[in-house]
Every structure is written in structure tokens, then in C-alpha cells.
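Subject: Structure handover

Hello,

Please find the structure below, with notes on what was found in it. Have the 3D view open while you read.

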Amino acid sequence: MNMREDSLQFKPYRQFDLSDLLKIIPRAYEMYEIPGNKTEDVFCLPVSGGGDSAVLAIIMHLLFPDVPFVMLFTDTKAEEPEIYQTLLNVERYLKKPITRLIPDKGLFELIDQFQGYLPSSNSRWCTRILKLSNFKPWLDQYKGMAKHLF
């Protein structure tokens with residue numbers, strides 16, 4: 001086996017536990033500083049319900065417990081049940097709510113409205129309609145304040 005083939009081999013997955021994370025947090029805290037004013041600015045932390053964003057939300061709260069993060073989930077009405085369970089788990093763990101933005105029409109209703117035309121890299125109507133159309137009005141409540149999105 002040559003070097004290229006060897007580098008393409010998958011390494012065994014190693015699970016991390018909380019003790020691993022706790023070893024990383026002090027170093028990360030020293031390396032990163034949250035921008036802005038913690039008492040005057042808005043700190044928005046989007047949570048998709050997937051594993052990566054859930055862990056990021058938890059890590060950010062552990063690293064910066066004094067930052068008043070506002071967690072936000074923009075629904076598509078087409079999420080798997082596990083997504084909602086993950087959101088509940090994050091809320092329970094952090095003892096803090098996740099704001100849920102729910103569109104008037106869900107993904108499948110919009111696909112019907114667009115006569116079966118699916119979103120693509122050339123036409124991202126789903127992001128505009130399902131995510132941004134709810135996010136922008138929600139953000140208006142913080143008009144005049146500095147906003148930080150993580």
C-alpha cells in the first residue's frame with residue numbers, strides 16, 4: 001500500500017466523553033474572546049437540531065456562561081422527530097429555552113405550491129421562504145442593538 005492509499009484509510013472512531021471536553025474548554029476559553037458588549041448586545045446562537053449545532057450550543061454556554069445567548073431554531077415543518085428531541089435535550093441540559101420560528105407553510109406545502117419544483121443550488125427558495133422570511137422579522141425586535149451570530 002502506498003502513502004496515498006494509506007492516507008485514505010479510515011481511522012477507528014473514538015468517542016469523546018465529557019471529561020475529554022472539559023480538558024479542551026480551558027484552552028479554548030484562553031484562545032477565543034466573544035466580541036461585543038455582553039450587557040447591551042444580542043448574541044444569537046442558531047441551533048438546527050443536529051448533533052454539531054447542539055454540541056456547539058452546549059460548548060458556547062460552558063465556555064461563556066456570562067454571555068446571554070439567545071438560541072434559535074427555524075423549523076421547516078419537515079424535520080425528523082429526532083430533531084425535536086435533540087432540541088428538548090439541549091433545553092433541558094442548559095435549562096434555557098430555544099426560540100422556535102415556525103413558517104406558515106412547511107417544505108412539502110411549498111413544493112406543492114411550486115408545482116414540484118425542488119430547491120437547488122441555482123434556486124434556493126427554501127432558505128428564503130422557510131428560514132429568512134421568519135428570521136428577519138424576529139430580528140427586528142433587536143433593532144438598534146449590535147447583533148452577533150455564531
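The side chains of glutamate 91 and arginine 100 form a salt bridge, with 2.9 Å from N to O. Please keep in mind that this is a predicted model. Glutamate 91 is buried, at a relative accessible area of 15%, whereas arginine 100 is partly exposed at 32%. The cut-off for buried is under 20% relative accessible area, which is why glutamate 91 falls on that side of it.

The count of salt bridges comes to 2. The other pair to look at is aspartate 66 with lysine 38, where the closest N and O atoms are 3.3 Å apart. This pair links distant parts of the chain, 28 residues apart: aspartate 66 sits in the loop between H3 and S2, and lysine 38 in the loop between helix H2 (18-31) and S1. Aspartate 66 is partly exposed, with a relative accessible area of 47%. Lysine 38 is also partly exposed, at 33%.

Next, the strands. Which strand is largely enclosed by the rest of the structure? It is S2, residues 69-74: 6 of its 6 residues are buried, so the rest of the structure largely encloses this strand. In a regular strand, side chains alternate between the two faces of the sheet. In S2, one side carries Phe69, Met71 and Phe73, the other carries Val70, Leu72 and Thr74, and both faces are covered.

S2 has a partner in strand S1 (residues 42-46); the two run parallel and are joined by 4 bridges. Within this pairing, leucine 45 stands opposite methionine 71 of S2. To get from S1 to S2 the chain passes through helix H3 (residues 51-63), and this β-α-β crossover is right-handed.

S2 also pairs with strand S3 (residues 98-101), again in the parallel sense and over 4 bridges. Here leucine 72 has threonine 99 in S3 as its bridge partner.

Helix H3 can be checked for its length. It has 13 residues and reaches 18 Å from its first C-alpha to its last, close to the 18 Å expected at 1.5 Å a residue. The buried residues in H3 are Ser53, Ala54, Ala57, Ile58, Met60, His61 and Leu63.

Now the aromatic rings. How many aromatic pairs are there? The count comes to 7. One of them joins phenylalanine 69 and phenylalanine 150; this pair is edge-to-face, at 5.7 Å centre to centre and with 80° between the planes. Phenylalanine 69 belongs to strand S2 and phenylalanine 150 to the segment after strand S4 (147-149), so the pair ties together parts that are 81 residues apart in sequence. Phenylalanine 69 is buried, with a relative accessible area of 2%, while phenylalanine 150 is partly exposed at 23%.

Another pair is made by tryptophan 138 and tyrosine 142: their ring centres are 5.4 Å apart and their planes stand at 70°, so this pair is edge-to-face. Tryptophan 138 is buried at 10% relative accessibility, and tyrosine 142 is buried at 16%. Ring pairs also link Phe43, Phe69 and Phe150 into a cluster.

Lastly, there are two backbone angles to look up. Lysine 77 has a phi near 65°, a positive value in a residue other than glycine. Lysine 77 lies in the loop between S2 and H4 and is partly exposed, at 38% relative accessibility. Glutamine 115 is not a glycine either, yet its phi is positive at about 55°. Its place is the loop between helix H5 (107-113) and helix H6 (125-139). Is glutamine 115 buried or exposed? Glutamine 115 is exposed, with a relative accessible area of 77%.

Regards

Note on methods:
Residues numbered from 1 in each chain as written. Heavy atoms only, no water. Buried < 20%, exposed > 50% of the residue type's maximum accessible area, 1.4 Å probe, protein only. Pairing = 2+ DSSP bridges. Right-handed = clockwise from strand over helix to strand, strands pointing away. Salt bridge = Lys/Arg side-chain N within 4 Å of Asp/Glu carboxyl O. Phe/Tyr/Trp six-rings, centres within 6.5 Å; stacked < 30°, edge-to-face > 60°. Expected span 1.5 Å × (residues − 1).
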